[in-house]
Amino acid sequence: MTWYEEYMRDYRARGAEAAKEFYAAPSTKAIAPFRIADDLYYVGDRKVCVHLLRTDEGLILFDAGYPQAKHLLWESIIRLGFDPADVRWIILTHGHSDHFGASNEFRSLYGTKVAISAADAAAIRERPERASANPLLLPVIDRELQDGEIFSFGGREIRCELTPGHTLGVMSFFMDVTDGGKTYRAGLLGGVGHNQVALPYLLYYGLPLDMPQRMLASLDRMEKESVQIHLGNHPANNHTLEKRERQLREGGNPFIDPESWCSFIRETREIFRKVIENNAELAKQHP
C-alpha cells in the first residue's frame, strides 16, 4: 500500500465516522425551510445547502443534498407549500454525492431534469468512483452546461460560470432576485472544499496536481463579481444557519450582505494557499 493509499484509507474512515455521528441524531441535521428573498428559499439541512427557486414554469433546485437526507428535502419543500412534483430542474454545482443525492429520485418520480457542467458530466462518466462509491447513486444527466452559458427557464436567467478546483467541473451560478421591491444579485460559489485538493487525494484519484492552483484562479475571477446575496454550498460558507438565527431573533434580512461574498473568497484563498504549501512539503517527503 502506498503512502497516499494509507492516507485515503484513514481519510475515508474519518469521514464515515463523522457522517455516522451526524446522521445518528435527527435534531442535528434538520432545519425548518425559510425564504431568503422573493421566490428564493432554503430547503437544505444543517450539513449541505439546497436552494429552491420558483419560476413561472415550475421549481428549480440547486443541488439535491446527501442521499441519506433526501427525506428532509422532500419535507422542506412541502412545508413551504410547494409540491415536489413541480421541481422541473435540478442544477448541480458539482459531481459529488453529497450534492446530487436525491436527483435520481426526483427524475424517476416526477420527470425532473438534471443539469451539471459538461466537465463534471465527463468526469463522472470517465471516473465514477470520484463521485460516489455506489454506482447506483450516480446522477443521470439531461443537460450539460457550458462555461458562460445562460440557463433560461420560466422567466429566470441563471448565468453559469465554470470554477474548477474542488472538482474538474465545479460551476457557480448568478441570478437576479427581488426582496422588498429591490433587485439583488444572488451568487452561489459551486464548491470550495480543500480536502479534495490535498496531494494524497489527487494522487489516489488520478487528478491533476494543479487543482489547488485552478481553484485559486477561479477565486480570483469570482472575486470580481458583484454579489449582494451570497448563497452557500455548505452552510458554513456563508453562515447560513447563523444568519437564519439572527433573522428569527432580530427580523430584517441578513442574507442581503454585500460583504459576505468577497470576504468568503479571501478566506478561502488563504486556505488554498496553505494547501499548496502543504502539498509541496509532502512532495518533498515522498518524491
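Which residues lie nearest the centre of the largest cavity? Select Gly95, His96, Ala123, Arg130 and Thr167, which hold that place among the 15 residues of the lining. A cavity here is a set of points, on a 1 Å grid over the protein atoms alone, where a 1.4 Å probe fits but cannot get out, and lining residues have an atom within 4 Å of a point.

The model is predicted: local features need pLDDT of at least 70 and side-chain atom pairs count only at pLDDT 80 or more, while totals for chains, interfaces and linings use all residues. Residues are numbered from 1 along each chain as its sequence is written, and side-chain values use heavy atoms, with hydrogens and water left out.

**The largest cavity**

Remain at this site, where the volume is about 150 Å³, taken as the space filled by probe spheres set on grid points joined across faces, edges and corners. Next, select helix 5 (118-126) and helix 6 (199-205), the elements that each give two or more residues to the lining. Helix 5 supplies the largest share, three residues. Helices (H or I, at least four residues) and strands (E, at least two) are DSSP runs, numbered from the N terminus. Coloured by class, the lining shows seven nonpolar, five polar and three charged residues. Ala, Val, Leu, Ile, Met, Phe, Trp, Tyr, Cys and Pro count as nonpolar, Asp, Glu, Lys and Arg as charged, and the others, Gly among them, as polar.

**The second largest cavity**

Move to the second largest cavity, of about 70 Å³. Its lining includes Val43, Asp45, Tyr66, Lys70, Leu72 and Leu73.

**Helix 2**

Leu72 and Leu73 also belong to the buried residues of helix 2 (residues 70-79), together with Trp74, Ser76 and Ile77; buried means under 20% relative accessible area with a 1.4 Å probe, protein chains only. Display what covers them, including strand 3 (51-55), strand 4 (58-62), strand 5 (87-91) and helix 4 (103-110). After helix 2 comes Gly81, with a positive phi near 95°.

**The nonpolar cores**

Finally, select Ile60, Phe62, Phe151, Ile158 and Phe173, which touch the most other members of the largest nonpolar core, a set of 29 residues. Such a core joins buried Ala, Val, Leu, Ile, Met, Phe, Trp, Tyr and Cys residues through side-chain atoms within 4.5 Å. Strand 10 (residues 171-179) contributes the largest share, four residues. A second, separate core has 23 residues, among them Ala102, Ala121, Ile124 and Leu138.

Note on methods. Buried < 20%, exposed > 50% of the residue type's maximum accessible area, 1.4 Å probe, protein only. 1 Å grid on protein atoms, 1.4 Å probe; cavity = no way out; pocket = protein on both sides within 12 Å on 5 of 7 lines; lining within 4 Å. Contact = heavy atoms within 4.5 Å.
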